[in-house]
Amino acid sequence: MRSEKERVINPESSIDEIRLAARAAADVRDKLPQMIRPGMTTKQIDDLAAMLIAASGGKSAFFGYKGYPGQICISVNDEVVHGIGSPARRVEHGDVLSLDIGIELNGFIGDNATTMVVGGTVPSSDVQRLLDGTREALEKGVRSALAGNRVRDISAAVEKTAKRYKLGIVREYVGHACGRNLHEPPEIPNYAVRDRGPELRPGMVLAIEPMLNLGGKDVVTDKDKWTVRTRDGSISAHFEHMVLVTNNKPEILTWLKT
Ligand code: MF3
Ligand code: CO
């Protein structure tokens with residue numbers, strides 16, 4: 001008999017539906033950045049996301065979640081996660097923009113995030129290091145999502161990469177399993193904790209999402225109760241994939257197969 005805790009971690013039978021939701025989220029994550037121009041407001045970006053999400057046949061998995069008011073999360077520069085599209089906030093050339101997109105499709109959730117530089121601007125070497133390091137931390141985390149490994153193996157791989165790039169690791173927000181619900185156990189911290197966590201089994205779907213800063217690890221939350229930003233004002237990046245644990249290599253569900 002499977003325990004209740006095990007059963008909430010997406011059973012294999014629903015994997016095709018999770019795949020479709022993940023692909024829808026990945027499609028929006030790929031298309032939206034191409035539509036973003038300097039001078040747009042983050043509300044306009046949220047509206048574009050709403051249009052793309054509607055075209056996918058799904059709906060935002062974030063809107064209304066614990067009262068979240070946006071369609072997607074749009075976090076600029078020192079904002080780490082959960083930034084809300086605003087008509088008063090314009091993005092400019094060189095801004096570092098994190099886009100976190102969650103779609104509910106046929107009762108299942110797709111969740112992924114990317115970070116881009118607005119306009120054609122060549123990023124500073126520090127911003128390039130931030131983007132390279134956060135992308136690579138995600139990649140190393142994904143590669144550790146192997147059956148028989150523990151959750152901590154993913155965390156340790158992310159942490160090791162973040163440290164190699166000398167980036168601050170946000171501790172307050174973590175990855176998670178994903179299925180019928182946006183957040184299912186277990187949590188996946190971006191640093192190794194004492195507890196090695198549950199063993200990874202084929203059929204588990206995990207959202208791995210390093211949030212790394214050019215400066216220190218500490219974050220503060222704005223008066224809007226949502227926007228999380230770095231305490232020291234340093235720039236932050238966020239990349240997220242959903243991966244399926246298999247008997248072989250992990251399968252990234254938020255990559256679009258052409
Ligand atoms: N994408 C975030 C995550 O993976 C969730 C955003 S929180 C919300 O946990 F409130 F905006 F939905
Ligand atoms: Co997530």
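Biologist: Which residues are around ligand 1?

Modeller: Keep in mind that this is a predicted model. The residues around ligand 1 are Phe62, Tyr65, Tyr68, Cys73, His82, Asp100, Asp111, His176, His183, Glu209, Trp226 and Glu240.

Biologist: How far is the polar side-chain atom of Asp100 from a nitrogen atom of ligand 1?

Modeller: That distance is 2.5 Å. On the oxygen side, a polar side-chain atom of His176 sits 3.0 Å from an oxygen atom of ligand 1. For Glu240, a side-chain N or O atom is 3.5 Å from an oxygen atom of the ligand.

Biologist: Now the metal. What are the protein donors of the cobalt ion?

Modeller: The cobalt ion is ligand 2, and its protein donors are Asp111 (OD), His176 (NE2), Glu209 (OE) and Glu240 (OE). They lie 2.1 to 2.2 Å from the ion. Asp111, His176, Glu209 and Glu240 are also among the residues around ligand 1.

Biologist: How are the donor residues spaced in sequence?

Modeller: The pattern is D-x64-H-x32-E-x30-E. Asp111 belongs to strand S5 and His176 to strand S7, so this pair ties together parts that are 65 residues apart in sequence.

Biologist: Are Asp111 and His176 buried or exposed?

Modeller: Asp111 is buried, and His176 is buried too.

Biologist: Pockets next. How much space lies in the largest pocket?

Modeller: About 460 Å³. Its lining has 23 residues, and Tyr65, His82, Tyr173, Val174 and His183 lie nearest the centre. Strand S7 (175-177) and strand S8 (184-188) are the elements that give two or more residues to that lining.

Biologist: How does the lining of the largest pocket divide into nonpolar, polar and charged?

Modeller: It has 10 nonpolar, 5 polar and 8 charged residues. Tyr65, His82 and His183, from the group nearest the centre of this pocket, are also among the residues around ligand 1.

Biologist: And the second largest pocket, how much space lies there?

Modeller: About 350 Å³. It is lined by 16 residues, with Glu139, Val142, His241, Ile252 and Trp255 closest to its centre.

Biologist: Which element gives the largest share of the lining of the second largest pocket?

Modeller: H4 does, with 6 residues. Helix H4 spans 125-143, and strand S5 (108-117) also supplies at least two residues of this lining.

Biologist: What is the split into nonpolar, polar and charged in the second largest pocket?

Modeller: The lining there has 7 nonpolar, 2 polar and 7 charged residues.

Note on methods: Residues are numbered from 1 along each chain as its sequence is written. Chains are lettered from A and ligands numbered from 1 in the order in which they are written. This is a predicted model: local features need pLDDT of at least 70, side-chain atom pairs count only at pLDDT 80 or more; totals for chains, interfaces and linings use all residues. Side-chain values use heavy atoms; hydrogens and water are left out. On a 1 Å grid over the protein atoms alone, a cavity is a set of points where a 1.4 Å probe fits but cannot get out, and a pocket is an open set with protein on both sides within 12 Å along at least five of seven lines; lining residues have an atom within 4 Å of a point. Grid points are joined across faces, edges and corners, and a volume is the space filled by probe spheres set on the points. Helices (H or I, at least four residues) and strands (E, at least two) are DSSP runs, numbered from the N terminus. Ala, Val, Leu, Ile, Met, Phe, Trp, Tyr, Cys and Pro count as nonpolar, Asp, Glu, Lys and Arg as charged, and the others, Gly among them, as polar. Donors are N, O and S atoms within 2.8 Å of the metal (3.2 Å for Na, K and Ca); water is not among the atoms, so sites may look incomplete. Buried means under 20% relative accessible area, exposed over 50%, partly exposed in between (1.4 Å probe, protein chains only). A residue is near a molecule or strand if one of its heavy atoms lies within 4 Å of it. A polar contact is a pair of N or O atoms within 3.5 Å; within protein, one must be able to donate a hydrogen and the other to accept it, and residues adjacent in sequence count only if both atoms are side-chain atoms.
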